[in-house]
Amino acid sequence: MTPRTESIVTNPFEGKTDEDFEAELEEAFTVIKRALTEDGVLAFTYHHSDSESWGELLESLCEAGFEVTASYPIAADVNKFITGEAVEFDIIIVARPSQDREPVSWRNLRRRIIKTTKETHMRLADSQELSEGDIGVIEMGRAFHEYSKHHGAVRSGDTIMTAKEVVQEIYGILQEASDVGELDVYLDLLAMSDPSYSDLNMLSKGTKADAESMRRMKLYRIEDGQLILGTWNDPQRIAYIRTRLSGDDPESVSPLGKAQFLRYQYEEGKALGEWLDRWSDTESLRDICEQLADATGDETFNRLVGSDKTFDEYQ
């Protein structure tokens, strides 16, 4: 017989609250981590149906100093998974001691999670041995892995997101239709070392992104069979943005277009204040500059919106 009173569970009849469950999990993981060798691996099974409990698990695991590296399905009810009902997963979780955790915005992390889960699904979709529910479990593990690399440093606006909040978002990403658009696909292409038209098609498949619309916006073109991205220093992309800027509505230019134009002006040594005065939504501009810096490694985008400077200083 299992000694229920000593089990790590939520049981109001025995005075065990959700907070007790999370604290006892973290204590158990902390003891395990102390016992592991430097290159040790933690593997365990977990069974639960709601995002709250998975959030408590992830919070406890990360707080104890672990990083999720993989998950493997034992059983999953695919019908519930697809319809968004509570899913009774049995999963093997694999975790290792975490490395240094880098700060990241939720918007950037969300984009990575969508990209990772999409690539995982495409890689596994033709398997004869995995159900959609099984694939969903593996996708969730990959999403947990992406989050656990940044636990305690995921910023949404002025707040730091908890693991529970992130897990709820991950559930939504996995259960709902993808809302990936042209911007997400473009940023993913920017992050690649040598993107191709095949990459564009792969990233756009099953999303709201339209390749023809991206071509019209000069976000890419094909020259001699090669995919050329429309970046801030691409004459055709800048010409397209200039045409939009010459219109009557200063807000008709997308945040991406504004960021790329500012980057171009900055490189040319020209003042930015004239343009910034015309644009009201500086928060979106800051956000896209951070994403462009993240995708390309070009820290000039971050300097344009850095915490040590304000937009006013560039005027």
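Mentor: Start with two helices, α4 and α13, which are oblique to each other because their angle is about 50 degrees. Angles under 35 degrees count as roughly parallel, over 145 as roughly antiparallel, 65 to 115 as roughly perpendicular, and the rest as oblique. This is a predicted model: local features need pLDDT of at least 70, side-chain atom pairs count only at pLDDT 80 or more, and totals for chains, interfaces and linings use all residues. Residues are numbered from 1 along each chain as its sequence is written, and side-chain values use heavy atoms, with hydrogens and water left out.

Trainee: How far apart are the axes of α4 and α13?
Mentor: They are 9 Å apart. Axes are lines fitted to C-alpha atoms, for helices over the stretch in contact, and angles run from 0 to 180 degrees between N-to-C directions. Helices (H or I, at least four residues) and strands (E, at least two) are DSSP runs, numbered from the N terminus.

Trainee: Which residues make that contact?
Mentor: From α4, R107, N108, R111 and R112. From α13, D287, E290, Q291, D294 and A295. Contact means heavy atoms within 4.5 Å. These residues divide into one nonpolar, two polar and six charged. Ala, Val, Leu, Ile, Met, Phe, Trp, Tyr, Cys and Pro count as nonpolar, Asp, Glu, Lys and Arg as charged, and the others, Gly among them, as polar.

Trainee: What about α4 and α7, what's their angle?
Mentor: About 80 degrees, with axes 11 Å apart. So α4 and α7 are roughly perpendicular to each other. R107, R111 and K115 of α4 meet L183, D184, L187 and D188 of α7. That contact has two nonpolar, no polar and five charged residues.

Trainee: Switching to strands. In which sense do β7 and β8 pair?
Mentor: Antiparallel, over four bridges. Two strands pair if DSSP finds at least two bridges between them. I222 has L227 of β8 as its bridge partner. The two strands form a hairpin with two residues between them. In the turn, D224 has a positive phi of about 55 degrees.

Trainee: And what's the order in the open sheet of three strands?
Mentor: β4-β5-β6, with mixed pairing. The edge strands are β4 and β6, each pairing on one side only. β4 and β5 run parallel, joined by two bridges. V104 has V154 of β5 as its bridge partner.

Trainee: Last one. How many aromatic pairs are there?
Mentor: Eight. Rings of Phe, Tyr and Trp (its six-membered ring) pair if their centres lie within 6.5 Å; planes under 30 degrees apart count as stacked, over 60 as edge-to-face and the rest as tilted. F29 and F44 have ring centres 5.4 Å apart and planes at 45 degrees, so that pair is tilted. F29 sits in α1 and F44 in β1, 15 residues apart.
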